[in-house]
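My notes follow in the order in which I looked things up.

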Amino acid sequence: WVFDSWTGALGGTANPEVITITADMVVTAVFVQSPPAAPTVLAASAITDTRIDLSWTDNSDNETGFEIERSTDGGASFSSLDAVGTNQIVYQDTGLSAETEYCYRVRAVNANGGSAYTLVECATTPAATAQHTLTVNVTGFGSVTRNPDQTLYDQDDVVQLTAVADA
């Protein structure tokens with residue numbers, strides 16, 4: 001908490017302040033929560049062609065959350081991406097375009113404002129991975145299981161097929 005101002009019989013932000021008592025008086029010292037300390041060590045990692053994961057170090061004990069901003073012009077300008085809650089130190093940015101650089105910065109916030117931003121961190125999503133279907137037909141009496149059992153597979157995925165004859 002930090003001193004903000006005086007109210008009542010005394011006004012202003014000077015501290016210390018001198019008052020001359022001429023009658024019964026009421027003076028209120030107003031304290032506000034100090035802004036949170038800035039987060040540090042922002043990391044941005046491209047996980048897929050449509051997702052970048054962020055993580056940072058929380059250096060504050062009084063934030064109410066974190067504001068995340070993103071840039072698509074190399075960090076020249078930023079726009080608000082999202083806000084996350086107290087003590088949250090990871091974020092997944094999804095729905096991105098392949099082969100695109102995204103830059104990020106994060107700051108802690110509370111009722112008294114925001115901290116400084118982290119240093120800017122950028123990551124580039126890789127080229128889109130080709131996706132394929134796998135159709136398994138059965139002739140005769142039996143079944144086939146797939147592991148993993150998915151509708152779509154990325155290029156070069158490995159799938160285990162197990163054929164089981166009916167008894």
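**Strand β5.** I began with strand β5 (residues 65-71), where five of the seven residues are buried, so the strand is largely enclosed by the rest of the structure. For burial I use under 20% relative accessible area, with exposed meaning over 50% and partly exposed in between (1.4 Å probe, protein chains only). Strands here are DSSP runs of E with at least two residues, helices are runs of H or I with at least four, and both are numbered from the N terminus.

**Ground rules.** I am working with a predicted model, in which local features need pLDDT of at least 70 and side-chain atom pairs count only at pLDDT 80 or more, while totals for chains, interfaces and linings use all residues. Residues are numbered from 1 along each chain as its sequence is written, and side-chain values use heavy atoms, leaving out hydrogens and water.

**Partners of β5.** Next I checked what β5 pairs with, taking two strands as paired if DSSP finds at least two bridges between them. Strand β6 (residues 79-85) is antiparallel to β5, with six bridges, and here Gly-65 stands opposite Gly-85. Strand β8 (residues 101-110) also runs antiparallel to β5, joined by seven bridges; in this pairing Ile-68 faces Val-106. A reminder to myself: side chains in a regular strand alternate between the two faces of the sheet.

**Whole chain.** I then zoomed out and found 14 strands and zero helices in the protein. The radius of gyration is 28 Å, well over the 15 Å that the globule rule gives for 167 residues, so the protein is more spread out than a compact globule. That radius is taken over C-alpha atoms, and the rule is 2.2 Å times the number of residues to the power 0.38. The C-alpha trace spans about 105 × 40 × 20 Å along its principal axes. Of the 167 residues, 23% count as buried.

**Charges.** I counted 5 positive and 21 negative side chains, the centres of the two sets lying 5 Å apart. Lys and Arg are the positive ones, Asp and Glu the negative ones, with His and the chain ends not counted. Each charge is placed at NZ of Lys, CZ of Arg, CG of Asp or CD of Glu.

**Thr-124.** My last stop was Thr-124 in strand β10 (residues 121-124). Is Thr-124 buried or partly exposed? Its relative accessible area is 46%, which makes Thr-124 partly exposed. Not counting residues up to four places away in sequence, Thr-124 touches Ala-46, Glu-99, Thr-100 and Glu-101, a contact being heavy atoms within 4.5 Å.
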